[in-house]
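I opened the model today to look up a few local features. My notes follow in the order I took them.

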Amino acid sequence: MGAAPAFGALREHMAVHIPDDLIEAYRKAERVVVLTGAGVSAESGVPTFREAQTGLWAQYDPRELATPQAFARNPRLVWEWYAWRRSLIQKARPNLAHYALVDLEQATPHFLLVTQNIDGFHWLAGSRDMVELHGNIARTKCFDEGHIVGWWPETDDVPPRCPHCGGLLRPDVVWFGEGIPDHALRAAFDAAASCDLFVSIGTSAMVQPAAQLPLIAKRMGAKVLEINPQQTAISLVADWALQGTAVEVLPALVRALGFPTNAIDGAQQSSTNDE
Ligand code: APR
């Protein structure tokens, strides 16, 4: 028995059936929008948002931490929670689903990836036509002035202080009750309203406004594909609801479409080299 396959490679080769009419619809599609949620990073070992928090954080409900009120009430606790999540993400890396989405982007005339994830894995894997609806945990900004801060003096302050105004620093992510950056929101809604095919992957579709996007696409005449091991509200409106994980389904979709698999192959090659 060789080394354990990386990226769940064995699972990827499970016979995932891609319906013929889906292959036909994707090949005919000019404009494709993909919405991703925490499920796409699950196979990288990053817990999804609604899975129980582990260890020290098991006692906290994420929705009680990811708010401006929580930060105002206890900035150290919120800063340390995000530092813990950042440490999980830094130990993980994109999985084959992220790379399969890069291959889809390369092969699709007009493609937009809209992610709710803050881990930066899509960019790291090579996605470029994308918007981050909920920000990025690797970026830090001033709580008072809102601008991005790339450097701050090392002190014992937790959270650290903005070198410009002395205000508290916070992660550049969108908290519950906060607005999504206008440019990202507009790009996502415009794309959803004008696409031929909308693909929802690894999201529970419970959080607005992202959860509206597949419904807007459907209403405007697009076909909807969902990839998720569980049923969600999107399953009810989807033309295809493939019940499988992102790593099981996405590489199989790229191969069934006959698209080049450069990003997938590169990821598997580098994973083999790392062993
Ligand atoms: N492959 C595909 N989907 C998966 C996998 C997997 N390996 N594992 C889990 N899932 C699915 C789950 O079935 C669930 O539907 O991923 C989804 C994860 O749902 P959530 O944890 O609710 O994450 P998400 O939908 O991204 O949450 C949206 O809510 O809390 C806010 O800002 C936070 O961006 C987050 C947003």
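I began with the outward side of α9. The face turned away from the buried side carries the exposed residues Asp 182, His 183 and Arg 186. I keep in mind that this is a predicted model.

Next I asked which residues of α9 are buried. They are Ala 184, Ala 188, Ala 191 and Ala 192. These four cover an arc of only 100° around the axis, which puts them on the same side of α9.

I then looked up what the buried residues of α9 pack against.

Helix α9 runs over residues 182-193, twelve residues in all. From first C-alpha to last, α9 reaches 16 Å, close to the 16 Å expected at 1.5 Å a residue.

**Salt bridges**

I searched the whole structure for salt bridges and got eight. I wrote up three of them.

The entry for Asp 172 starts with Arg 139. Their side chains meet in a salt bridge at 2.7 Å, N to O. The pair links distant parts of the chain, with Asp 172 in strand β5 (residues 169-173) and Arg 139 in strand β4 (residues 135-142), 33 residues apart.

Are the two partners buried or exposed? Asp 172 counts as buried because its relative accessibility is 13%, and the cut-off for buried is under 20%. Arg 139 has 32% relative accessibility, so Arg 139 counts as partly exposed.

Asp 172 has another partner. The side chains of Asp 172 and Lys 141 meet in a salt bridge at 3.7 Å, N to O. Asp 172 sits in strand β5 and Lys 141 in strand β4, so this pair ties together parts that are 31 residues apart in sequence. Both Asp 172 and Lys 141 are buried.

I then looked for a network. Glu 132, Arg 139, Lys 141 and Asp 172 are linked in a network of salt bridges.

The last pair I noted is Lys 223 with Asp 239. Their side chains meet in a salt bridge at 3.9 Å, N to O. Lys 223 lies in strand β7 (residues 223-227) and Asp 239 in the loop between β7 and β8 (240-242), so the pair ties together parts that are 16 residues apart in sequence. Lys 223 counts as partly exposed because its relative accessibility is 41%. Asp 239 also counts as partly exposed, at 29% relative accessibility.

**Thr 108**

I looked up where Thr 108 sits. Its place is in the loop between α7 (96-107) and β2. Thr 108 counts as buried because its relative accessibility is 7%.

What does Thr 108 touch, leaving aside residues up to four places away in sequence? I found Tyr 26, Glu 30 and Val 32. Thr 108 and Val 32 are 76 residues apart in sequence, and their C-alpha atoms are 7.3 Å apart in space.

**Helices α11 and α12**

Two packed helices are described by the angle between their axes and the distance between the axes. I noted both values for this pair. The axes of α11 (residues 246-256) and α12 (residues 262-274) come within 10 Å and cross at roughly 130°. That makes α11 oblique to α12. On the α11 side, Pro 251, Val 254 and Arg 255 make the contact. On the α12 side, Ile 264, Asp 265 and Gln 268 do.

**Backbone geometry**

I checked for cis peptide bonds and noted two sites. Val 158 and Pro 159 are joined by a cis peptide bond, with omega about -5°. Pro 159 lies in the loop between β4 and β5.

Gln 208 and Pro 209 are also joined by a cis peptide bond, with omega about 0°. Pro 209 belongs to the loop between β6 and α10.

I looked up Ala 205 as well, and found it in the loop between β6 and α10. Phi of Ala 205 is near 55°, a positive value in a residue other than glycine. Ala 205 is buried, with a relative accessible area of 16%.

Definitions and conventions: Residues numbered from 1 in each chain as written. Predicted model: local features only at pLDDT ≥ 70, side-chain atom pairs only at ≥ 80, totals over all residues. Heavy atoms only, no water. Helix = DSSP H or I, 4+ residues; strand = E, 2+ residues; numbered from the N terminus. Expected span 1.5 Å × (residues − 1). Buried < 20%, exposed > 50% of the residue type's maximum accessible area, 1.4 Å probe, protein only. Arc of directions from axis to C-beta. Contact = heavy atoms within 4.5 Å. Salt bridge = Lys/Arg side-chain N within 4 Å of Asp/Glu carboxyl O. Axes fitted to C-alpha atoms, helices over the stretch in contact; angles between N-to-C directions. Parallel < 35°, antiparallel > 145°, perpendicular 65-115°, else oblique.
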